[in-house]
Amino acid sequence: MEAFVVDPRETTAEERERGMRDVKLVFGINHTMPYTEEYNNLVKELFLNNIGEGSMVMPPLNCVCADQVKIGKNVMIMNNCLMMSRGGITIDDDVMIAANAQLISNNHDLHDHPLLLCKPVHICRNAWIGAGATILPGVTVGENAVVAAGAVVTKDVAPNTIVGGNPAKFIKNID
């Protein structure tokens, strides 16, 4: 998915309906016992079945434009994850995302604030996103990479590396 612009002032009835659907499903997820069939069905419905086998999303969750999220197999997303997904979020297999992480694929235009500037976020296979980390629009976190707790990732993260800080910087390679 390439970068694109969305003007929320021009949303269609269908887009507003999808937004309300997400709000209702997220509310249901956040008020349903995890590890139950009811809970699992709500998560599958929210992500339109774009969630792989063995993956788990723990409540509470906040997700906007859930139809733009794709979650691979054996992914663990811990509590209080925020997914601003208008630009698309892809999470490959075997990824771990710690509590309070933010995956943000859209931002507002500097001059026309209502406009959304959308760029996809991609978390590659076996990456680990630390607690409270923020991944910003257009970022790819490479395979086997680690994003340290609290990091703000503004640029792509190379495979097999550790980054941390604000803005996130290279710390070391992973053998």
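This is a predicted model: local features need pLDDT of at least 70, side-chain atom pairs count only at pLDDT 80 or more; totals for chains, interfaces and linings use all residues.
## Overall build

The protein chain contains two helices and 19 strands. Its radius of gyration is 16 Å, close to the 16 Å given by the globule rule for 175 residues, so the chain is as compact as a globular protein of that length. The C-alpha trace spans about 50 × 45 × 25 Å along its principal axes.

Of the 175 residues, 42% count as buried. Among contacts between residues at least 6 apart in sequence, 28% join residues at least 24 apart.

## The largest nonpolar core

The largest nonpolar core has 41 residues, and those touching the most other members are Phe47, Met83, Ile91, Ile123, Ile135, Val141 and Val147. Two or more residues come from each of these elements: helices H1 (13–30) and H2, and strands S2, S3, S4 (69–71), S6 (81–84), S7 (89–91) and S12 (121–123). The element that gives the most is H2, with four residues.

Ile135 illustrates the packing. Leaving aside residues up to four places away in sequence, Ile135 touches Gln102, Leu103, Ile104, Val121, Ile123, Ile129, Val141, Val147 and Val153. Of these partners, Ile123, Val141 and Val147 are also among the core residues that touch the most other members.

Helix H2 covers residues 37–46. Its buried residues are Tyr39, Leu42, Val43 and Leu46. They lie on the same side of H2, because the arc they cover around the axis is only 100°. In general, an α-helix has 3.6 residues a turn, so residues three or four places apart point the same way. The cover over the buried residues of H2 includes H1, S2 and S3.

H2 is followed by Leu48, which has a positive phi near 50° although Leu48 is not a glycine. Leu48 sits in the loop between H2 and S2. With a relative accessible area of 44%, Leu48 is partly exposed. Asn49 is found in the loop between H2 and S2 as well. Asn49 also has a positive phi, near 65°, and is a residue other than glycine. Its relative accessibility is 56%, so Asn49 counts as exposed.

The pairing of S10 with S11 (residues 116–118) is antiparallel and runs over three bridges. Within this pairing, Asn106 has Cys118 of S11 as its bridge partner. In general, the strands of a sheet pair through backbone hydrogen bonds, either parallel or antiparallel.

## Cis peptide bonds

The peptide bond from Pro59 to Pro60 is cis, with omega near -5°. Pro60 belongs to the loop between strands S2 (56–57) and S3 (61–64).

Asn166 and Pro167 are also joined by a cis peptide bond, with omega about -5°. Pro167 is placed in the loop between strands S18 (161–164) and S19 (169–173).

Definitions and conventions
Residues are numbered from 1 along each chain as its sequence is written. Side-chain values use heavy atoms; hydrogens and water are left out. Two strands pair if DSSP finds at least two bridges between them. Buried means under 20% relative accessible area, exposed over 50%, partly exposed in between (1.4 Å probe, protein chains only). A nonpolar core is a set of buried Ala, Val, Leu, Ile, Met, Phe, Trp, Tyr and Cys residues joined through side-chain atoms within 4.5 Å. Contact means heavy atoms within 4.5 Å. The arc is that of the directions from the helix axis to the C-beta atoms. The radius of gyration is taken over C-alpha atoms; the globule rule is 2.2 Å times the number of residues to the power 0.38.
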